[in-house]
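Here is a short report on strands and aromatic rings. Please keep the structure open while reading.

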Amino acid sequence: MTIFRKFIITAAAALCAIGLLSSANAQSFTITDLGSLGSYPVQAFSISSNGLITGNSRVSDTILQHAFYTTGNGLLQDLGTLGGVASVGNGINSAGRVAGSSNINSTSAFHAFLSGANGGALQDLGTLGGTNSYAYGVNATGRVAGYSNTAGNGASHAFLSEVNGGALHDLGVLNGGTNTFGNGVNASGQVVGYGNTVVGTNTYNHAFLSAANGGALQDLGTLGGNLSFGLAVNDIGRVVGRSQIMGDVSYHAFLSGANGGALQDLGTLGGTSSNAVGINSDSMVVGDSVDSQNARQAFLFTITGGMMNLNLLLDDPTWVLTDAKGINDNGQIVGYGTFGGRVHAFLLNPIPVPEPGVVWLALLGGAALLGRRWQQRRARA
């Protein structure tokens, strides 16, 4: 084979590699089983910017679920309860402070909690005057978002706490509604959730986003149907959730514009419904969707690649990922799926993909080497 032919073959291979690398499907992930507190099922719900994780696990076959904290090393720390038998961890920040809920003492009442740093002792956040409260999100300063019964237990209202789990502030309701539910909070204190609102002569649940520091609630509308639910928000106010679509009772995942702008339908994995539950600063979205075979599948959505089945991006085909719940700015994803016939929590770590420029540098280096060899052969001829 001549030097020239070798160069052509090398160049063609490099160009093919560049084309493959530019494909959205070039991203793949390794998977880590997060373990359990002694029994299954286990579910992971949130991951912080530095890879700290929370969720819940059964403690034994006879004890209900407990919230956990982990660094992703397969060892779960039991966060205990507020005196009752069950708890769940729903949100976590980079200090390892977990927001969630637990029943108190031996009663059936649940209270929102915020843990100490690195899964420390649970702090009861109280309520807005009613019996129950639930926490779902926490930001870097320890401001917690969730919802609580109000006095008399006649309604549930979204709340935002002061820093480090301080006093709860009632965020009120949407136009003409009676109930709101908070699901997440970003760095500026914008709370995302949903609440009922009057539309014509009917009342429907609509997604909302608050102004900074738990300010006025903005109705985000729907994808054309009657109902929508806001579930997570990033630091520029882009909201994800699910909404009914026009002329159909099915739900599709949505992504809003910045600060609660227009809703974008993210579609599905081939089935009738999808649900978006996590978002990072790059507007990468995770959730779950029904595929064309009516099977539940975890998905990753990116602006350039669209919605992708995470099972097709996985390096281990023995897992079936059904629910992706959280994604951080490093592209790490947590959720749960089935492994060995049981529900296990997982951590996905992205496998680095070489930049196309790296391939070009290798190609140029190879071309230079082949050129020198060609000159050496001519000199000897």
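## A hairpin

How many bridges pair strand β10 with strand β11, and in which sense? Strand β10 (residues 129-138) and strand β11 (residues 144-150) pair over six bridges, in the antiparallel sense. G137 has A145 in β11 as its bridge partner. The two strands form a hairpin with five residues between them. In the turn, G142 has a positive phi of about 80°.

The model is predicted: local features need pLDDT of at least 70, side-chain atom pairs count only at pLDDT 80 or more, and totals for chains, interfaces and linings use all residues. Residues are numbered from 1 along each chain as its sequence is written, and side-chain values use heavy atoms, with hydrogens and water left out. Strands are DSSP runs (E, at least two residues), numbered from the N terminus. Two strands pair if DSSP finds at least two bridges between them.

Three bridges join β8 (residues 110-115) to β9. F113 has D124 in β9 as its bridge partner.

Another open sheet of four strands runs β1-β28-β27-β26, again with antiparallel pairing. Its edge strands are β1 (28-33) and β26 (319-327). β1 pairs with β28 (residues 342-351) over six bridges. T32 stands opposite L347 in β28.

## Aromatic rings

Rings of Phe, Tyr and Trp (its six-membered ring) pair if their centres lie within 6.5 Å; planes under 30 degrees apart count as stacked, over 60 as edge-to-face and the rest as tilted. The count comes to 10 aromatic pairs. F110 and Y134 are stacked, at 6.1 Å centre to centre and 20° between the planes. F110 lies in β8 and Y134 in β10, so the pair ties together parts that are 24 residues apart in sequence. Y134 and Y147 have ring centres 5.2 Å apart and planes at 35°, so this pair is tilted.

Ring pairs link a cluster that includes F110, Y134, Y147, F229 and Y251. R242 lies over the face of F229, at 4.6 Å from the ring centre. The charged end of R242 also sits over the ring of Y251, 5.6 Å from its centre. Such a charge is NZ of Lys or CZ of Arg within 6 Å of the ring centre and within 35 degrees of the ring normal.
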